[in-house]
Amino acid sequence: MSEAAVKTPARRPRPKYLNLQALIFEIRLPLPGWISILHRISGALLFLAPVWLLWMLERSLASEAAFDKIRHYAGLWPVKLSLLVLVWAYCHHFCAGIRYLFLDLDKGVDLATARLTSWLVLGASLAFSVFLGWKIW
Amino acid sequence: MTNRIVTGARYGLRDWLAQRITAVIMAVYSMIVVFVLLTGKPITYGVWRDLFTQGWMRVATLLFMASLAWHAWVGVRDILMDYIKPTGLRLALEVLVLLTIAAYLGWTIQILWR
């Protein structure tokens, strides 16, 4: 085999098809793909969350008056809603993460099981979020 | 010669493995804390403060934040490597991420041991 024959396929420019319109309207992501991108989005969100959550933790431990203020603050609906989003992000990242740990061990990699566990991750993380949301308020 | 691209990262198994180990540590901590909070007394200021003055809770929370620091660094770096193509901008953002994570850790220690 000549050297050129080996190198040609690698040199061919790969098609790029990643504009926003294509991403949103044309590419139909399979369910495990949705789990993956949601894992990434929730991860990015959870990286930023400590700015806010550590502030709330600091205040809540500062004094009884500050604790009561934070408790009142956490009851306001925009705060509640944001916290609920973070609770969901945590639950999703948690459940999807466990799925990835199993995938790393080569468990559940066939298509049927991968789809089933994707549904399980979606369902379980929503169920946990509802349960924790109900428990918190 | 391998043509390596500057990512601000090592290549190899270590961070990959660390991300998984820290994930397990955080998962265990989360389940313990949720269990303690849901099965304990209603959370008043006293209950809340007492929880965070116990030695095991302080150490566990610090371990959680240290795990989060490493885990988030690997994860956010992956995101930056995927989407931010200009090397200078990517490095600048990576430094910003590292500073943020270091600040989280310092702040956590300050909150837990004051």
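**Close-up views of a predicted two-chain helical model**

**View 1. Helix 3 of chain A and what its buried side packs against.** In this predicted model, the buried residues of helix 3 of chain A pack against helix 6 and helix 7 of chain A, together with helix 3 of chain B. The residues in question are A:I35, A:H39, A:S42, A:G43, A:L46 and A:F47. They sit on the same side of helix 3 of chain A because they cover an arc of only 140 degrees around its axis. Look at the face turned away from that buried side and you'll find the exposed residues A:G33 and A:I37. As for its length, helix 3 of chain A has 18 residues and reaches 26 Å from its first C-alpha to its last, close to the 26 Å expected at 1.5 Å a residue.

**View 2. Helix 6 of chain A against helix 7 of chain A.** These two helices pack at an angle of about 145 degrees, with their axes 8 Å apart. Their crossing is right-handed. Helix 6 of chain A brings A:L84, A:V87, A:W88, A:C91, A:H92, A:C95, A:A96 and A:R99 to the contact, and helix 7 of chain A answers with A:T117, A:V121, A:A124, A:S125, A:F128, A:S129, A:L132 and A:G133. Sorted by class, that makes 10 nonpolar, five polar and one charged residues.

**View 3. A:A96, a buried alanine.** A:A96 belongs to helix 6 of chain A. Is A:A96 buried or exposed? A:A96 counts as buried because it has 24 C-beta neighbours inside 10 Å, and the cut-off for buried is 20 or more. Setting aside its neighbours within four places in sequence, A:A96 is in contact with A:I35, A:L38, A:H39 and A:V121. For a sense of distance, A:A96 and A:D68 are 28 residues apart in sequence and 35 Å apart in space, C-alpha to C-alpha.

**View 4. A:D106, in the loop between two helices.** A:D106 has its place in the loop between helix 6 and helix 7 of chain A. Its phi is near 65 degrees, a positive value in a residue other than glycine. Why is A:D106 called exposed? A:D106 has 7 other C-beta atoms within 10 Å, and a residue with 12 or fewer counts as exposed.

**View 5. The side of chain A that touches chain B.** The contact between the chains takes 17 residues from chain A and 17 residues from chain B. On the chain A side, the elements giving two or more residues are helix 3 (31-48), helix 4 (50-62), helix 5 (64-73) and helix 6 (77-104). Which of them gives the largest share? That is helix 4 of chain A, with six residues. The chain A side as a whole divides into nine nonpolar, three polar and five charged residues.

**View 6. A:L57 in helix 4 of chain A.** Stay with helix 4 of chain A, where A:L57 is found. A:L57 is partly exposed, with 19 other C-beta atoms within 10 Å. The C-alpha atoms of A:L57 and A:S42 are separated by 21 Å, and the two residues are 15 apart along the chain.

**View 7. Helix 1 of chain B against helix 3 of chain B.** The axes of helix 1 (residues 13-39) and helix 3 (residues 55-83) of chain B come within 8 Å and cross at roughly 145 degrees. This crossing is left-handed. From helix 1 of chain B come B:D15, B:A18, B:Q19, B:T22, B:A23, B:I25, B:M26 and B:Y29, and from helix 3 of chain B come B:A60, B:L63, B:F64, B:S67, B:L68, B:W70, B:H71, B:V74 and B:G75. The contact has 11 nonpolar residues, five polar and one charged.

**View 8. The two chains side by side.** Chain A has seven helices and zero strands, and chain B has four helices and zero strands. Of the 137 residues of chain A, 18% count as buried; for the 114 residues of chain B, the figure is 14%. In chain A, residues 24 or more positions apart account for 69% of the contacts with a separation of 6 or more. In chain B, 78% of contacts between residues at least 6 apart in sequence join residues at least 24 apart.

Key:
Residues numbered from 1 in each chain as written. Chains lettered and ligands numbered in written order. Predicted model: local features only at pLDDT ≥ 70, side-chain atom pairs only at ≥ 80, totals over all residues. Contact = placed C-beta atoms within 7 Å. Nonpolar A, V, L, I, M, F, W, Y, C, P; charged D, E, K, R; others polar. Axes fitted to C-alpha atoms, helices over the stretch in contact; angles between N-to-C directions. Left-handed = near helix turned anticlockwise from the far one by under 90°. Expected span 1.5 Å × (residues − 1). Arc of directions from axis to C-beta.
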